[in-house]
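Q: Could you walk me through this structure, one feature at a time? I would like the general idea first and the particular case after it.

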Amino acid sequence: MLRLTIARNLFASTLLAATATLSAAPLTECKTIKVSGNSEYPPILWRDPDAPGTLTGLGRQLLEMAFQDTGIQLEFLDVGVWARAQKEVRVGRVDMLAGAFITDDRQTWMDYVFPSFTDIPSVIWTRKETPIGFFQWEDLKAYQGGTLVNNSFGQDFDAFAKEQLNIDYNNSIANAFRMLNADRYDYVVFELYQGKAILQTLDLTAHLSALSPPISVEGLYYTFSKNSTCNTPALRDYLSEKVKTIVASDMFDTLLTEQTHRWAEQQTSKP
């Protein structure tokens, strides 16, 4: 915890220095911004067992640092599964997503903050005892897959999967991994770091593993709902400058490691 506090304070100082050059004009009329995201996405986001109904993780930590001197309050909401979080942002009941890949469809109802704040590799997960032969996307045509509903792995792979692959879509990625372990699926498509974290909680690390190469490596972005009254060009520009500072900082990897350890500690302390 001490290391996390030191890292947070150092990183916050860097962000504060970057803020000095930004305009003092109001960023938005909103006093509170509602934020949600994928609640099964550690160490970026996950349900906070110490504060039911809320989300925690690196995506929250970085956003709070970015907004700490604005007077704007951030409310991180666990609205349910990932598909529900996207729906709430689409209609404007939630203002932001703390982490999303880019697709053409999503850009019709969300404004993205550039650049991305990290890159996420997505991979094919299989049973260790019966791995599938995988070297390129076409190899997956012979198998039954599973993944999380409304998840994206980059527009190119999404389009290929829709036209060429047989994939079931689950409300819970944990359920998809259980079905893979039970031989109901031949593979699961999901992000590498998040998959590793979730398999630990399911006690499936010894049974499931990721194949190389990744099917895609996509940038993860903060986004604003086009239907949010809080969404303004000034606010997006402000956050964009903060994200550039985050990407350039050598503290990012330290914070990522700290949040990964924090998530693991919370899981082991659950009754």
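A: Helices (H or I, at least four residues) and strands (E, at least two) are DSSP runs, numbered from the N terminus. The model is a predicted one, in which local features need pLDDT of at least 70 and side-chain atom pairs count only at pLDDT 80 or more, while totals for chains, interfaces and linings use all residues. Residues are numbered from 1 along each chain as its sequence is written, and side-chain values use heavy atoms, with hydrogens and water left out.

Q: Which residue is joined to Pro 43 by a cis peptide bond?

A: That partner is Pro 42, and omega is about 5°. You will find Pro 213 in the loop between S12 and strand S13 (216-225).

Q: What is the order of the strands in the open sheet?

A: Pairing comes first: two strands pair if DSSP finds at least two bridges between them. Here 3 strands form an open sheet in the order S2-S3-S4, with antiparallel pairing. Strand S2 (40-41) and strand S4 (55-56) are the edge strands, each pairing on one side only. Strand S3 (residues 45-47) is joined to S4 by 2 bridges. For a bridge to look at, take Arg 47, whose partner in S4 is Leu 55.

Q: How should I read a pocket?

A: Rolling a probe the size of a water molecule over the atoms shows where empty space is left. On a 1 Å grid over the protein atoms alone, a cavity is a set of points where a 1.4 Å probe fits but cannot get out, and a pocket is an open set with protein on both sides within 12 Å along at least five of seven lines; lining residues have an atom within 4 Å of a point. Grid points are joined across faces, edges and corners, and a volume is the space filled by probe spheres set on the points. In this model the largest pocket holds about 420 Å³ of space. It is lined by 22 residues, and the closest to its centre are Thr 103, Asn 150, Asn 151, Ser 152 and Asp 158. Helix H3 (82-91), helix H4 (155-164) and strand S10 (166-170) are the elements that give two or more residues to this lining. H4 gives the most, with 6 residues.

Q: How do the lining residues divide by type?

A: Ala, Val, Leu, Ile, Met, Phe, Trp, Tyr, Cys and Pro count as nonpolar, Asp, Glu, Lys and Arg as charged, and the others, Gly among them, as polar. The lining of the largest pocket has 8 nonpolar, 7 polar and 7 charged residues.

Q: How many salt bridges does the structure hold?

A: A salt bridge is a side-chain nitrogen of Lys or Arg within 4 Å of a carboxyl oxygen of Asp or Glu. The structure holds 9 of them. In one, the closest N and O atoms of Arg 60 and Glu 64 are 2.8 Å apart. Both residues lie in helix H2 (residues 58-67), 4 residues apart, about one turn of the helix. An α-helix has 3.6 residues a turn, so residues three or four places apart point the same way.

Q: Which salt bridge links distant parts of the chain?

A: Asp 111 and Arg 236 meet at 3.5 Å, N to O. Asp 111 is in strand S7 (residues 110-112) and Arg 236 in helix H7 (residues 233-248), 125 residues apart. Asp 111 is buried because its relative accessible area is 18%, whereas Arg 236, at 23%, is partly exposed.

Methods: Buried < 20%, exposed > 50% of the residue type's maximum accessible area, 1.4 Å probe, protein only.
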